[in-house]
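I opened the model to look things up one at a time. These are my notes, in the order I made them.

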Amino acid sequence: MKEKRGRVMLKLLVGGSLAFTGICLYSGNHMFYSNIVMPASRLLDAETSHKWCLKLASLGILPRVSQFKHDSIKTKLLGFEFDSPIGLAAGFDKDAESFDSLADLGFGFTEVGTITPKPQFGNPKPRVFRLLEDKAIINRYGFNSAGIDNAKRNLENRKKRGKVVGVNLGVNKNSANALEDYELGIKNLGPYADYLVINVSSPNTPGLRSLQTKKHFDSLLKAVTTERNKLQNRPPLLVKIAPDLDGEELKQICKSAESFAIDGLIVCNTTVSRENLKSPKHLCEEVGGLSGSPLCEMSNKMIRDVYRLTQGRIPIIGVGGVFTAEDVVEKLRCGASLVQVYTGFAYQGPTVVNEMNKELANLMQRENISNISEIVGSGVN
């Protein structure tokens, strides 16, 4: 009798635990994801974990999040209205596989890519490394991409037209002509994009960052704006820049961006800097771009500098080290009109954006601010 009761109790315990886990996963319990699911996912290497997340998202297997919306966090930019200023940065959904499902997690917009004209594998594995003590990631993916034709098919099948989707464009590693690669991307994917991004700032493609120099930048902007202007929908055209530019280089980029009427700057990409890291030395010395918390202040300073140099005339999307609603507010005060997350999302899981939206609205209420647009650039002297 006692053995039978024991078996019954064990079944109830196991069944109850599984039911509880299933409910938490399905309902989108943020603490459950943050404290259990995401730490467990780190049993897999970073790239495998990333791959599985995309696969589940493409199948629609994501927590059922009741998307939080509030007038105080809505904003207008680039001709669109955003329910939230928080977007998903490029690099997560590289081949436009899962953007429809990911949008349901509370993002105001998603950005797919970086997409190259021809398929390419990228750099050899391993190429992604977690720096847990720093809440950071080093990646040297190297524009791994299934190519334009694959992305075009995925974007053609877009289901949720109300969600803003940006397309981030890059060049093939062995390309003989970078400008032609960008022109191909604009011509083929521009008709399906709400906005386009020219990525000249990844540290993982040899020679790419040289396109930010005065010698090449004006020619690039002339080529891409001309090609964009041929499109019937004429999507806004933005450029994503590196955090490692010096003052003169940044000044020249801002001047050129205004001259060619670029619609916005994304500030900024990953850094090659490795200052003040706490993680094991062998990880910190991995080659690639660093994202996450260590990038936060570098990004904020650059956003302030761009805002000053352009006097707020060019919209800024701020990226780098966003983990909380407070981080979002700080980037807005520095001059960003929108922000994007990547590493904060990868560390905290699929429920974090909705939580940030709630807290952002609470912060606006506590500070008696009717809308986030009121604080854009308010922290720039």
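I first wrote down what buried means: a residue is buried under 20% relative accessible area, exposed over 50%, and partly exposed in between, with a 1.4 Å probe and protein chains only. I also noted that helices (H or I, at least four residues) and strands (E, at least two) are DSSP runs, numbered from the N terminus. This is a predicted model, in which local features need pLDDT of at least 70 and side-chain atom pairs count only at pLDDT 80 or more, while totals for chains, interfaces and linings use all residues. Residues are numbered from 1 along each chain as its sequence is written, and side-chain values use heavy atoms, with hydrogens and water left out.

**Entry: helix α3**

I looked up which residues of α3 are buried, and found Ala46, Glu47, Ser49, His50, Leu54 and Ala57. Seen down the axis of α3, these buried residues fall within an arc of 160°, so they line one face of the helix. The arc is that of the directions from the helix axis to the C-beta atoms. I noted the general rule beside this: an α-helix has 3.6 residues a turn, so residues three or four places apart point the same way. On the other side of α3, I found Lys51 and Trp52 exposed.

Next I checked the length. The expected span of a helix is 1.5 Å times one less than its number of residues. For the 13 residues of α3 (residues 46-58) that gives 18 Å, and the end C-alpha atoms are 18 Å apart, so the two agree.

Then I looked at both ends. Asp45 caps the N-terminal end of α3, with a side-chain oxygen 3.1 Å from the backbone nitrogen of Glu47. Such a polar contact is a pair of N or O atoms within 3.5 Å; within protein, one must be able to donate a hydrogen and the other to accept it, and residues adjacent in sequence count only if both atoms are side-chain atoms. After α3 comes Gly60, with a positive phi near 80°.

**Entry: helix α6**

I repeated the length check on α6 (residues 178-189): its 12 residues should span 16 Å at 1.5 Å a residue, and the end C-alpha atoms are 16 Å apart, which agrees. Which residues of α6 are buried? I listed Asp181, Tyr182, Gly185, Ile186 and Leu189. They cover an arc of only 135° around the axis, which puts them on the same side of α6.

I then asked what covers the buried residues of α6. The cover includes β4, α5, β7 (164-169), β8 (195-199) and α7 (214-229), where contact means heavy atoms within 4.5 Å. At the start of α6, a side-chain oxygen of Asn177 comes to within 3.1 Å of the backbone nitrogen of Leu179.

Asn368 follows α13 and has a positive phi, near 60°.

I looked up His30 next, and its place is in helix α2 (residues 30-41). His30 is buried, with a relative accessible area of 17%. Not counting residues up to four places away in sequence, His30 touches Gln348, Thr351, Val352 and Glu355. The C-alpha atoms of His30 and Ala361 are separated by 17 Å, and these residues are 331 apart along the chain.

**Entry: backbone in the loops**

I noted two cis peptide bonds. One runs from Lys125 to Pro126, with omega near -5°, and Pro126 is in the loop between β4 (109-115) and β5 (128-131). Another runs from Val267 to Cys268, with omega near 10°, and Cys268 is in the loop between β10 (264-267) and α9 (281-284).

I also looked at phi. Lys135 has a phi near 50°, a positive value in a residue other than glycine, and is partly exposed, with a relative accessible area of 41%. Phe143 has a positive phi of about 55° although it is not a glycine. Is Phe143 buried or exposed? At 6% relative accessibility, Phe143 counts as buried.
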